[in-house]
Protein chains: 2
Amino acid sequence: MDIEQQSHIVWQGSSWRLRVDEVRLPDGERFERGIVEHPGAVVLIPLVEVEDGYMVLMIRQYRAAVEESILELPAGTKGWGEDWLVCAQRELREETGYRAGKLTSLGQFWPAPGFSSELMTLYVARELAHDPLPADVDEEIEVVPMALAEVVAMAWDGRLQDGKSIIGILRLARHLQLTML
Amino acid sequence: MDIEQQSHIVWQGSSWRLRVDEVRLPDGERFERGIVEHPGAVVLIPLVEVEDGYMVLMIRQYRAAVEESILELPAGTKGWGEDWLVCAQRELREETGYRAGKLTSLGQFWPAPGFSSELMTLYVARELAHDPLPADVDEEIEVVPMALAEVVAMAWDGRLQDGKSIIGILRLARHLQLTML
């Protein structure tokens, strides 16, 4: 529908940048549209089989955007052009201290396509072995091992408030045939 | 962990703005952190009971951020300070042409808390009556009525790629006790 558009980069951060489009519509009306140009991100579901079911390594970290410490799955932004699996392994080691022997994709989604190009890929991470990498300087992360059944209940009832984690946990439960209605 | 921070607004759009924080860490390292300051949004699940189950009014629209026409639930950004239910009714009328006799919340979540303050509230919209409002000038929206069972299957298997819609549809299925493992 746009008939004219000029774009410029307004801010360039270390992982994403803001592009602003100046749009003119057919009726002559003009407006600006902000687009977060994002290289994509991985979301990890570190899974451990235990006696009576499964455990997931959740993390807790302070998020300046929402001014809260939140419970979420480990995740991280890809470098521009970085391979998905390389990024997945790196973020897993940085955030949980473990490397995965096996990574299984549970699909991709856009968390905020109304204004952001970010595409997220979900991975179940299994066969975990201790192999830490230093965390990013701006991150203080606490690893929180939880029973999968408990996290699934939280994804259903709203106690889990992070979108990528809700999707990841429910897709995993489905994958394991454990949706627990 | 931050010991010093200066913030400024880098871009102000019609619905959200970009704030950039200049952060200095205890070790003296400096970096910039971009935050999308967002007033929040509603996500609507317009639901119609039919002979053999339920129908959902999905929409299809072009999203410049991902450069694709995507299938999603109707949704829209709140005005700063706008009431959630007022916003829900307005967006439903603008995007589907219907008003809801009954709106039921299915909870809230952050779609992208890594860089955005946006909080989304999910509503099931029932008792629909034709009562359209003009659409936003920059939106061209096609209403796509679909069988709920089909959309639930798409949320599980990855054909539905919009995060808010995956969460909305699965929460609805759970709400109706229809998770269909």
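A salt bridge is a side-chain nitrogen of Lys or Arg within 4 Å of a carboxyl oxygen of Asp or Glu. Between chain B and chain A of this predicted model, the count of salt bridges is zero. Local features need pLDDT of at least 70, side-chain atom pairs count only at pLDDT 80 or more, and totals for chains, interfaces and linings use all residues. Residues are numbered from 1 along each chain as its sequence is written, chains are lettered from A in the order in which they are written, and side-chain values use heavy atoms, with hydrogens and water left out.

**Interface extent**
- Chain B and chain A each put 53 residues into the contact (heavy atoms within 4.5 Å).
- About 5100 Å² is buried between chain B and chain A, 67% of it on carbon and sulfur atoms; this is accessible area (1.4 Å probe) lost on being put together, summed over both parts.

**Polar pairs and composition**
- Ten residue pairs, both at pLDDT 80 or more, are in polar contact between chain B and chain A (N or O atoms within 3.5 Å, one able to donate a hydrogen and the other to accept it; residues adjacent in sequence count only if both atoms are side-chain atoms).
- The side of chain B that touches chain A has 30 nonpolar, eleven polar and twelve charged residues, with Gly counted as polar and Tyr, Cys and Pro among the nonpolar.

- The same surface serves both copies, as 100% of the contact residues of chain B recur in chain A.

Definitions and conventions:
Buried area is the accessible area (1.4 Å probe) that two parts lose on being put together, summed over both.
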